[in-house]
Amino acid sequence: MTGSTASRTDEGRYVLITGASSGIGAELAWLYAAQGRPLLLWGRDAARLEAVAARARACGVTVQTRVLDLADGAAAIAALRADDAAHPIGIAILAAGLGDMRRSDDVVEKAEDVLRLGLVNYATPSAMAAAAAECMVARGRGHIVMLASVAAFHALPFAAAYSGSKAGLKRFAEAQQMALAPLGIGVTLVSPGFVDTPMSRRVVGAKPFLQSAPSAARRIARAVARNQPHLVFPFVFSVLRLVDTLVPWPLKRRILAAIRADQTD
Ligand SMILES: NC(=O)c1ccc[n+]([C@@H]2O[C@H](COP(=O)([O-])OP(=O)(O)OC[C@H]3O[C@@H](n4cnc5c(N)ncnc54)[C@H](OP(=O)(O)O)[C@@H]3O)[C@@H](O)[C@H]2O)c1
């Protein structure tokens with residue numbers, strides 16, 4: 001972990017953000033910095049992470065950074081515990097994620113990609129949420145945020161690993177929310193539609209109801225402030241989610257199998 005020295009008044013006010021080197025995570029970092037919150041920013045790309053940290057520090061807040069590949073779940077758990085011991089975490093935002101899907105020239109999804117998405121999108125954030133909960137329960141306060149996707153609501157044949165990993169995270173967050181609420185710890189599951197970030201820019205074709213990253217960050221921070229259990233945006237995806245539960249499987253299979261999707265490298 002690198003960064004400037006924290007003051008005692010920062011204790012318990014730290015916001016941990018994974019995936020802070022890009023997109024929604026970076027916007028959340030700048031939003032919370034503007035509110036005067038000290039930050040623990042995690043990412044993989046050291047140069048981009050440092051650029052985000054520098055802009056946050058310009059708001060006058062303390063910012064620590066950590067470069068870590070979340071495919072190593074055991075390292076992530078240990079790092080979270082170490083960060084919390086040094087700087088008690090008030091809000092843990094687990095935003096990092098991979099947005100891979102099957103390319104149009106692939107017959108099936110690659111086994112290695114499926115494993116990596118399972119680790120980065122589901123296993124490590126769930127384990128980190130559990131580690132954050134241990135620390136927060138001991139203090140009797142805190143808030144955990146998990147970034148899933150509206151892809152979790154639908155079985156996407158061109159993105160089985162992505163929709164499956166996000167569905168797993170969604171179920172974990174819903175269960176953890178109920179388990180932790182009586183202990184005074186908030187959990188917010190976030191299910192966005194398309195947000196304009198490097199991840200969605202790799203997707204080829206139409207991106208209906210595309211949201212800006214700053215707007216997504218503002219919605220997420222508002223949901224945390226209200227202790228909202230589940231944030232879905234934009235609203236139309238709540239309607240599609242309901243439709244998905246009502247349409248019989250034979251028809252749903254035909255509709256979902258007809259969707260064509262591709263992405264660039
Ligand atoms: N954009 C959308 O349309 C959309 C829609 C629904 C849900 N989401 C979810 O929102 C979250 C943020 O995505 P975004 O749109 O902001 O994407 P992004 O701009 O591509 O950012 C993804 C972030 O995750 C980090 N990351 C990826 N793999 C990692 C790994 N193995 N170890 C550590 N960090 C890793 C990246 O770090 P580096 O850049 O340093 O490698 C980056 O900071 C993701 O969970 C995504 O699934 C996005």
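Colleague: How many Å separate an oxygen atom of the ligand from a polar backbone atom of Gly 97?

Modeller: A word on the basis: this is a predicted model, where local features need pLDDT of at least 70, side-chain atom pairs count only at pLDDT 80 or more, and totals for chains, interfaces and linings use all residues. Residues are numbered from 1 along each chain as its sequence is written, and side-chain values use heavy atoms, leaving out hydrogens and water. For Gly 97, the distance from its polar backbone atom to a ligand oxygen is 3.3 Å.

Colleague: Which helix gives the most residues to the shell around the ligand?

Modeller: Helices are DSSP runs (H or I, at least four residues), numbered from the N terminus. Among those giving two or more residues to the shell are H1 (23–34) and H6 (198–201). With three residues, the one that gives the most is H6.

Colleague: Is Phe 235 buried or exposed?

Modeller: Phe 235 sits in the loop between strand S11 (230–233) and helix H8 (236–246), a strand being a DSSP run of E with at least two residues. Relative accessible area (1.4 Å probe, protein chains only) under 20% means buried, over 50% exposed, and in between partly exposed. Because its relative accessibility is 63%, Phe 235 counts as exposed.

Conventions: A polar contact is a pair of N or O atoms within 3.5 Å; within protein, one must be able to donate a hydrogen and the other to accept it, and residues adjacent in sequence count only if both atoms are side-chain atoms.
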